[in-house]
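Let's take a friendly look at a protein model together. Please have the sequence and the 3D view open as you read.

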Amino acid sequence: MYRTRAACVLLIILASLVVTACPPPTRTIAFTWDGETFRRRETPGVTAPAPQDVQQADLDGDGALETVELQWNKLRLVDDGQTAWRSDPAWTVTRFALTDIDNGGAPDIFFTVWKPDEAGALRCHPFIYGWDRDAWRPRWFGSAVADPIADFVVGDVDGDGRNELVVLEARYGDPEKGDHLSIPREGRYVAVWRFNQWWFQFLWRSEPGAYWNLGLKDVTGDNVPDIVTNSNP
């Protein structure tokens with residue numbers, strides 16, 4: 001009798017360990033524009049394009065391509081074979097894109113920077129850098145955002161002819177828990193913003209969840225890029 005009970009207890013413990021060790025399955029989902037809002041849909045087999053750490057674009061309008069590379073969380077701009085600009089050594093750059101973020105008709109360098117605030121906690125800032133008045137200059141330095149950006153992509157996701165900023169909104173660390181110096185890699189929400197001269201205008205936010213691997217891909221075949229991401233659940 002004792003052995004039987006012991007065996008049953010052991011089986012229960014093993015079963016609980018198996019359940020604990022097996023996380024919920026990862027899903028690939030898309031948020032697609034239906035003319036009024038973004039709708040969530042399952043997209044098995046679809047993967048988001050990987051971000052590129054080296055990108056090229058004609059940033060100064062001279063007909064030649066400039067190269068921007070992200071290495072060890074630092075940006076470098078190469079123009080005509082020479083290093084024309086480097087990001088501040090004190091900045092931690094997590095993502096960048098050569099894109100027309102302000103819908104002004106020409107691409108800029110848009111990137112997210114993490115740097116400490118006065119209390120020493122890391123905060124996330126969106127920055128725009130580009131060619132202005134015959135020199136490489138900062139075009140817009142944003143204040144720390146309320147919800148840090150874990151990842152982003154830029155594209156016309158609602159088909160209106162203007163670019164939107166799609167972000168994974170995360171959460172800052174808690175100094176009391178000792179994680180205020182950490183940089184999140186996944187978001188709690190997928191959100192759509194648009195640059196409006198001097199700030200980003202909020203347009204839409206998904207239901208809460210865990211999201212990562214953000215990208216754009218036309219999964220509906222309507223020639224409008226859809227928002228693709230991994231989700232758990």
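Residues are numbered from 1 along each chain as its sequence is written, and side-chain values use heavy atoms, leaving out hydrogens and water.

The chain has a mean pLDDT (the predictor's confidence in each residue, from 0 to 100) of 89, and 86% of its residues reach 70 or more. Over residues 6–22, however, pLDDT stays under 50. Where pLDDT is low, the predicted coordinates should not be read in detail.

Now for the sheet. Strands here are DSSP runs (E, at least two residues), numbered from the N terminus, and two of them pair if DSSP finds at least two bridges between them. Four strands form an open antiparallel sheet in the order E11-E12-E13-E14. Its edges are E11 (149–155) and E14 (200–205), each pairing on one side only.

A pocket is an open set of points on a 1 Å grid over the protein atoms alone, where a 1.4 Å probe fits, with protein on both sides within 12 Å along at least five of seven lines; lining residues have an atom within 4 Å of a point. A volume is the space filled by probe spheres set on the points, joined across faces, edges and corners.

| Pocket | Volume |
|---|---|
| Largest pocket | About 270 Å³ |
| Second largest pocket | About 190 Å³ |

E11 supplies at least two residues of the largest pocket's lining, while E14 gives three residues to the second largest pocket, the largest share of that lining.

Terms used:
Predicted model: local features only at pLDDT ≥ 70, side-chain atom pairs only at ≥ 80, totals over all residues. Contact = heavy atoms within 4.5 Å.
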